[in-house]
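Hello,

Here is the structure I promised to hand over. Please have a look at it first, and then read on for what turned up.

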Amino acid sequence: MKLNRLAPYQHSGNDPFDQAKAAHLCRRAGFGAPRDEVRELLQLGPVAGVDRFLQVDADLDARDEELFETVRRGLVNFQHPHNLQAWWLFRMQRQAFPLREKMTLFWHGHFATSFRKVENMRLMLDQNRTLRRHALGDFRDLVLAVSRDPAMIIWLDNQQNRKGQPNENFARELMELFALGEGHYSEHDVQEAARAFTGWHQDEFHFVFRREAHDFGPKEILGRRGNFNGDDVVDIVLQQRQAKRFLSTKLLEYFVMPNPDDELIEEATQVLIDCNLEMKWFLRTVLQSKAFYSSEAMLAKIKSPAEYVVGALRDLDAVFPGQELAELMAGMGQELFAPPSVKGWDGERDWVSSSAWLARGRFAEVLSHAPGRESYGPLLPLESHVPFAERDPRRYVDYYLARLVQDRVSDAKRQELLRYMVRTDREGEQPEAFEHDPEFRMLKSRGLIRLILTLPEYHVC
């Protein structure tokens, strides 16, 4: 008999919902595992904890949006990509509803669109808002909205899609990358679907349907025949069981584990069918499941650059200038609003190539560096962490290992970090320097944070 791996996880004395599992939920459903968030989840438990991520308070959301809009208007030259990237990174850090922001990032990679071709940051912003508005809703509504999105129309050349001269780009990507995957449609299906999207154009910032450019003739798509338009094509495609399997696989890879097996995929596919493509209900099932808290899932994924940098800032209550953060992230292989191709980001091992790893180390170095005279730069509030009156180096090591990696390090690494705390550049280990010099303790605290942020244990989630 096959186990129901998406059945609810039941915490018990032998398998408690502990700090490690609460931090796991924080990292997967949001960015980082801030200590206050972990404590809250420990009190709520695994069921109410997931609901806390899924529920959006309208009043708090409205106040957040007012803040984010104020920040957006305050950015000089908002048409510059780094300013829009900075705005979104600020949202990720300050958003009261991190799962919606995490899903917005997921959809950005799924419906990958780049400013380098669109060349209009207002359109990229509008698309970002569309993804967020539908992030936890009905996938069909999202696909319909994306098919009318001006940035997407430019990105996939649907402006050139006209009766008698169909452009196949959007129809092909709808089937290959957005809904079905390779091998589950024919070239004829693509050609006929392209005819259904003729005349779906954009006029500056808005979608327009140009009747004179639309092919109203009969079409045959995935075994169905009729005078179909673009809406009909979306419905026909999403009615395929393969569409649910394709999407559930990507969602499992994003939220649960990198390589889910066929059995788990089939189970998730049925969940997606049962919830009628409603993301909120699908995610509730997955994030509360036994599979989500299994040994195959926990710490099985490599953090994306967004998860790494935003998570570190939230874990440490730190502030980092958004434009500089965006530049560092680009070096790590993830430039927001500019996926490398229509496939989005490959992720996982690609996140830690040699050059990307160096860029991650650079971020850790810049974040932990002592501030200079300039007013512009990272702000790491050490004074709110371990009081510098503490003179025992073990207190600092224990505190930051618990705060940043939930103590997931070997005894050998812990001892090496302890030796670092009392080691000077010239005299070797000098415990008395740590005990008697507050500035030395502060310097070592910053170095300790940098070292932990570069441990492999911090780069998995």
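Let me start with the aromatic rings: the count comes to 20 aromatic pairs, where rings of Phe, Tyr and Trp (its six-membered ring) pair if their centres lie within 6.5 Å, with planes under 30 degrees apart counted as stacked, over 60 as edge-to-face and the rest as tilted. One of them joins Phe170 and Phe197, and this pair is edge-to-face because the ring centres are 5.0 Å apart and the planes stand at 80 degrees. The pair links distant parts of the chain, 27 residues apart: Phe170 belongs to helix α10 (residues 169-179), while Phe197 lies in the loop between α11 (187-196) and β1 (200-203). Helices (H or I, at least four residues) and strands (E, at least two) are DSSP runs, numbered from the N terminus.

Before going further, a word on the source: this is a predicted model, in which local features need pLDDT of at least 70 and side-chain atom pairs count only at pLDDT 80 or more, while totals for chains, interfaces and linings use all residues. Residues are numbered from 1 along each chain as its sequence is written, and side-chain values use heavy atoms, with hydrogens and water left out.

Both Phe170 and Phe197 are buried, which means under 20% relative accessible area, with exposed being over 50% and partly exposed in between (1.4 Å probe, protein chains only). Phe209 and Phe216 also form an edge-to-face pair, with 6.4 Å from centre to centre and 85 degrees between the planes. Here Phe209 is partly exposed at 36%, and Phe216 is partly exposed at 43%.

Ring pairs also build a cluster, whose members include Phe106, Trp107, Phe170, Phe197, Trp200, Phe207 and Tyr254. Phe207 has a charge over its ring as well: the charged end of Arg148 sits 5.5 Å from the ring centre. Likewise, the charged end of Lys303 sits over the ring of Tyr458, 3.6 Å from its centre. For this, NZ of Lys or CZ of Arg must be within 6 Å of the ring centre and within 35 degrees of the ring normal.

How many disulfides does the structure hold? There are zero, a disulfide being a pair of cysteine sulfur atoms within 2.5 Å. The sulfur of Cys26 has its closest cysteine sulfur in Cys461, but that is 12 Å away and so too far for a bond. Cys26 is buried at 0% relative accessibility, and Cys461 is buried at 1%.

Enjoy exploring!
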